[in-house]
Amino acid sequence: MSDFTLPEDKAGRLERCALFYSDIVPHNHALGLKLLDIGDAEATVELPYADFLVGNPETGVIAGGAVTTLIDAACGSAVILKLNRIQPLVTLDLRIDYLRPARPHVPLIAVAECYRSTRQIAFVRALVHQGDKSNPVASAQGTFMRLEE
Amino acid sequence: MSDAKSPSALAELVHHVRKTREYGQLTDAIPYTRFMGIGVENLAGEMLCRMRYTPKLIGNSFIPALHGGTLGALLESSAIFELLLQAETPRVPKVISLTVDFLRSGKAQDTFARAFITRQGRRVANVRVEAWQDDRTRPIASAHALFLLAEP
């Protein structure tokens, strides 16, 4: 099963994890999610602004559901990076605090960090911002479970 | 609805839909619910949300299973429509926080959701929501959410 272990170099790891956004996960692709950057146990994912994602047609603000998907995807990638191998995961729970309204016509960027993993469970926190990390739109906390292979 | 400059257009539509129960007019006016195939239906006198299955909702192609984010979206939409249409909130409620428990994997089929307002105050409402597919007694996801209803 060594095929599923992530490469050691950053470019290789990024390329492998980016498959979750281009090919493997249809809904990530449908929303236009892009993996921008990775760390040892951190993933930065962008949700580009698009008219079909608008939740409030009067303000043009993106729907909360799309933000939830962005966070779930970024958190999942952070877990994969922490575990250092591509493996099936399920989200157990996800809590999102909406800290301030998102601005329309500006991409949303999620930065997720897997700060602890055990044999079965991984713990992740994430922030969503629009260019200024010190002024986040949302913060989130999630737990994931590794599936038996 | 396309007149974004009129702040009352959405409120007027909500008011209209409350009376006519033509829920499709409201969900069609919101680009994201239209994209996700999320609609409001009155089934046996009960207001439910349905997310119609399409392949673009898939998160794991191998199982296949719905993306967790799509279930979060359905649960949150269901809570908002419950507040707009049943609790008759004066404006679109703003979500403060949302906690989703993922209970079972979502199969490649339609998913239903029902929201219950636990408490509605002047400023804040607490809502819980459950989502299921074939069997309502076996929910696939549940959520509780807090909403801000009005500015002070």
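Predicted model: local features only at pLDDT ≥ 70, side-chain atom pairs only at ≥ 80, totals over all residues.
Which residue is its bridge partner in strand 7 of chain B? The partner is Val129(B).

Now widen the selection to the two strands. Strand 6 of chain B covers residues 111–120, and strand 7 of chain B covers residues 124–132. They run antiparallel, joined by eight bridges.

Next, select residues 46–51 of chain B, which make up strand 2. How many bridges join strand 2 of chain B to strand 6 of chain B? Three do, and these strands also run antiparallel. To see one pair, pick Cys49(B) and Ala113(B), which are bridge partners.

**Across to chain A**

Show both chains. Select strand 5 of chain A, residues 89–98. Zoom in on Asp93(A). Opposite stands Asp101(B), in strand 5 of chain B.

Now colour the whole contact region. It has 30 residues of chain A in contact with 35 residues of chain B. Which element of chain A gives the largest share of the side that touches chain B? Strand 5 of chain A does, with nine residues. Other elements of chain A give two or more residues to this side, among them helix 2 (26–31), strand 3 (54–56) and helix 3.

**Into the core**

Turn to the largest nonpolar core, which has 89 residues. Select Leu70(A), Ile71(A), Ala74(A) and Ala110(A). These have the most contacts inside the core. Then highlight helix 3 of chain A, residues 64–83. This helix gives the most to the core: eleven residues.

Stay on Ala110(A) for a moment. What does Ala110(A) touch, leaving out residues up to four places away in sequence? The list is Val45(A), Leu70(A), Ile71(A), Ala74(A), Ala126(A) and Val128(A).

**Last stop: confidence**

Colour chain B by pLDDT. Its mean is 90, and 93% of its residues reach 70 or more. Now select residues 1–5 of chain B. Here pLDDT stays under 50. The model has seven contacts for this stretch beyond four places in sequence. For the model as a whole, ipTM is 0.94 and pTM is 0.94.

Key
Residues numbered from 1 in each chain as written. Chains lettered and ligands numbered in written order. pLDDT = per-residue confidence, 0-100. Contact = placed C-beta atoms within 7 Å. Core = buried A, V, L, I, M, F, W, Y, C linked by C-beta atoms within 7 Å. Buried ≥ 20, exposed ≤ 12 C-beta atoms within 10 Å, placed from the backbone. Helix = DSSP H or I, 4+ residues; strand = E, 2+ residues; numbered from the N terminus. Pairing = 2+ DSSP bridges.
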